[in-house]
Amino acid sequence: SLLMRTNFPITLLTFVLSICPAVAQQAAPRVSEQPKNPLLDIIPPRPATMPLYSGEIPNSTNSPDEEKTLSMEGLGTWIEKVSRPTITGYLPAKVKASGSAIIIFPGGGYVGESYQYEGTTIAEAFRDHGVAAFIVKYRLPSDVTMKDKSIGPLQDAERAIKLVREHAAEWQIDPDRVGIIG
């Protein structure tokens with residue numbers, strides 16, 4: 001038929017798009033848009049580490065960094081003499097994200113931090129269940145690195161909670177659903 005041999009389908013599409021701007025907007029991809037990768041919704045992003053404080057660390061002395069990272073059998077990574085605190089975020093995949101978060105303080109009796117056994121292992125488990133997890137490598141009490149060693153770790157805990165709440169929208173977290181463990 002004549003309709004099949006001509007450019008009728010193109011003519012019809014042009015007509016529909018001209019009378020329906022909403023369809024035209026959906027049908028015509030924008031040049032600047034990147035195609036959406038559905039894997040990004042089901043694969044969690046890599047953990048990211050940042051300093052706990054953006055400037056001067058409160059209650060600190062001008063001592064050199066003497067941090068030591070050891071590998072301990074049965075505990076994995078063990079960190080001693082922490083004086084430069086950090087926070088590492090383990091965000092869940094978008095399809096699993098619950099909006100809640102947990103801040104993890106790996107134990108070690110203030111002698112060190114069992115970073116792998118009580119940090120990364122726990123963070124990965126929470127992340128895999130939809131909870132954003134943040135590991136704090138907190139300062140360990142020291143007369144050498146702190147003006148008052150009795151409050152250093154507590155200052156780091158307070159700062160970690162504040163930092164997670166400040167970035168709640170960016171990390172898709174409900175600021176009222178932030179807990180701590182450790």
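Analyst: Strand 4 is covered on both faces, with Thr86, Thr88 and Tyr90 buried on one side and Ile87 and Gly89 buried on the other; buried here means under 20% relative accessible area, with exposed over 50% and partly exposed in between, using a 1.4 Å probe and protein chains only. Because 5 of the 5 residues of strand 4 (residues 86-90) are buried, this strand is largely enclosed by the rest of the structure. Strands (E, at least two residues) and helices (H or I, at least four) are DSSP runs numbered from the N terminus.

User: Before going on, what sort of model is this, and how are residues numbered?

Analyst: It is a predicted model, in which local features need pLDDT of at least 70 and side-chain atom pairs count only at pLDDT 80 or more, while totals for chains, interfaces and linings use all residues. Residues are numbered from 1 along each chain as its sequence is written, and side-chain values use heavy atoms, leaving out hydrogens and water.

User: Which strands are joined to strand 4?

Analyst: Strand 1 (residues 48-51) runs antiparallel to strand 4 and is joined to it by 4 bridges, with proline 51 opposite threonine 86. Strand 7 (residues 132-137) is also antiparallel to strand 4, through 5 bridges, and there threonine 86 stands opposite lysine 137. Two strands count as paired if DSSP finds at least two bridges between them.

User: And the open sheet, what is its strand order?

Analyst: That sheet has 3 strands in the order 2-3-6, paired antiparallel, and its edge strands, strand 2 (68-72) and strand 6 (112-113), each pair on one side only. Between strand 2 and strand 3 (residues 76-80) there are 5 bridges, and threonine 69 is placed opposite isoleucine 79 of strand 3.

User: Switching to glutamine 155, what does it touch?

Analyst: Glutamine 155 lies in helix 6 (residues 152-166) and, leaving aside residues up to four places away in sequence, touches Tyr53, Pro58, Asn59 and Arg139, where contact means heavy atoms within 4.5 Å. Its side chain also makes a polar contact of 3.2 Å with the side chain of asparagine 59.

User: Where is the pLDDT under 50?

Analyst: One such stretch is residues 1-6, for which the model has 2 contacts beyond four places in sequence. Over residues 19-29 the pLDDT is also below 50, with 4 contacts beyond near neighbours in sequence. The protein's mean pLDDT (the predictor's confidence in each residue, from 0 to 100) is 86, and 81% of its residues reach 70 or more. Where pLDDT is low, the predicted coordinates should not be read in detail.

Conventions: A polar contact is a pair of N or O atoms within 3.5 Å; within protein, one must be able to donate a hydrogen and the other to accept it, and residues adjacent in sequence count only if both atoms are side-chain atoms.
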